[in-house]
Amino acid sequence: MWLGARLDTLPTPALTIDRTTARRNAERMRERCRTLGVHLRPHVKTHKTLEGGLLATGGTRRGIAVSTLAEARFFADGGFDDILLAYPLPTTRLEECAGLAQRLEAFHVLLDRPEALASLRQRPLAHGKRWLVWLKLDCGNGRAGMRPTDPAALELARAIANDAPEEVTLVGVYAHCGNTYGCSGADAIQAIARTTTNAVLSFVAALRQAGVPCPHASIGSTPSCSHPIPEMSQLTELHPGNYIFYDLQQTQLGSCQPQDVAIRVLTRVIGHYAHRGQLLVDCGWAALSLHGAGAGQGPQGCAAIDGHPELRLVGLTQEHGLLEHADGQMDFGRFPVGSVLALIPYHACATAAMHPVYYVHEEGQVVALWHPVRGW
């Protein structure tokens, strides 16, 4: 019923996506990868939608990364293939992984423990299929993965490649340079991207010197892939995700310009409180998330108010938000009850996860409804 509607008529809070901006972001990332001569494997965890996957892959429906098995099934049902579960192998859900591996032409898993490899070998695939395995490396991000300088990483890669080649194949190595999210500016981002790229390439070179074939090397994060370095051309693929929407955080990091941010959360003014100098709006943390509130930022870090730099988000409860004027002099006449404001969220991935539908628009008119997959 909302197709063709103007944005200011939508029920709020509402997550909106500017389709022209999202399409442009997707095209730019594909062009960056073409220029480097590497494959783009877009991560779909930000939007979790078939439509976003189509934009990111340029319509091919081939070569994506997912964070959950629910995403993997959803995209497989939508005709996507060559899907990498970019998450340490969930061995307690191995049957689900096996079902996807049997069903798809290429379903890849990622591991960083010998025990996970043993689990795969205890559950061989049928009909001549082999598990397609990537080794996860930690090149400084400090989350999942083996350190590339750890001799055990080379031994695990060797075991993946050689112990049971009829059952398991080493496809490549995978590193997430999420430590770029601690940067400020392109130079710092590129320094981490260079360190990560060199660490991955050195590890692959060591594998090949040891006689271990490793066809692919992949790194990714939206900051690093938004400012690619020449050394990335020696990799085989990149796997950014957030870039299709971008967000306030990416703007602050220097990954993008404000005009590249495709996502907004619309909210209505529902009350005036002159004695406090505050507007009450109908967007709380349940429609925005609290990401960005850390490091002493408080609610102000969670979102900026589009077109109104003078306003600050100063309070968030589950379904309410509070706005103040930066100098304390709120002009309530400019923001009557019922008027609509647009919030630019700090982290698009977290905010999108709060919404069951995205209102996709062009020039302020809804042209599509995207329904993301939920769950794990």
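1. In this predicted model, helix 6 and helix 7 cross in a right-handed sense. The contact is formed by Ala153, Leu154 and Ala157 on the side of helix 6, and by Phe203, Ala206 and Leu207 on the side of helix 7. By class, the residues of this contact comprise 6 nonpolar, no polar and no charged.

2. Two packed helices are described by the angle between their axes and the distance between those axes. For helix 6 (residues 151–162) and helix 7 (residues 186–209), the angle is about 55° and the axes lie 11 Å apart. Helix 6 and helix 7 are therefore oblique to each other.

3. Strands of a sheet pair through backbone hydrogen bonds, in either a parallel or an antiparallel manner. Here, 8 strands form an open sheet in the order 2-9-8-7-6-5-4-3, and their pairing is parallel. Strand 2 (39–40) and strand 3 (62–66) are the edge strands, each pairing on one side only.

4. Strand 6 (residues 131–137) and strand 7 (residues 168–176) run parallel and are joined by 7 bridges. As an example, Leu135 has Val173 of strand 7 as its bridge partner.

5. A further point concerns Thr21, which belongs to helix 1 (residues 19–36). Is Thr21 buried or exposed? Its relative accessibility is 7%, and a residue counts as buried under 20%, so Thr21 is buried. When neighbours within four places in sequence are left aside, Thr21 is in contact with Gln259, Asp260, Val261 and Ala262.

Definitions and conventions:
Residues are numbered from 1 along each chain as its sequence is written. This is a predicted model: local features need pLDDT of at least 70, side-chain atom pairs count only at pLDDT 80 or more; totals for chains, interfaces and linings use all residues. Side-chain values use heavy atoms; hydrogens and water are left out. Axes are lines fitted to C-alpha atoms, for helices over the stretch in contact, and angles run from 0 to 180 degrees between N-to-C directions. Helices (H or I, at least four residues) and strands (E, at least two) are DSSP runs, numbered from the N terminus. Angles under 35 degrees count as roughly parallel, over 145 as roughly antiparallel, 65 to 115 as roughly perpendicular and the rest as oblique. A crossing is left-handed if the near helix is turned anticlockwise from the far one by less than a right angle, and right-handed if clockwise. Contact means heavy atoms within 4.5 Å. Ala, Val, Leu, Ile, Met, Phe, Trp, Tyr, Cys and Pro count as nonpolar, Asp, Glu, Lys and Arg as charged, and the others, Gly among them, as polar. Two strands pair if DSSP finds at least two bridges between them. Buried means under 20% relative accessible area, exposed over 50%, partly exposed in between (1.4 Å probe, protein chains only).
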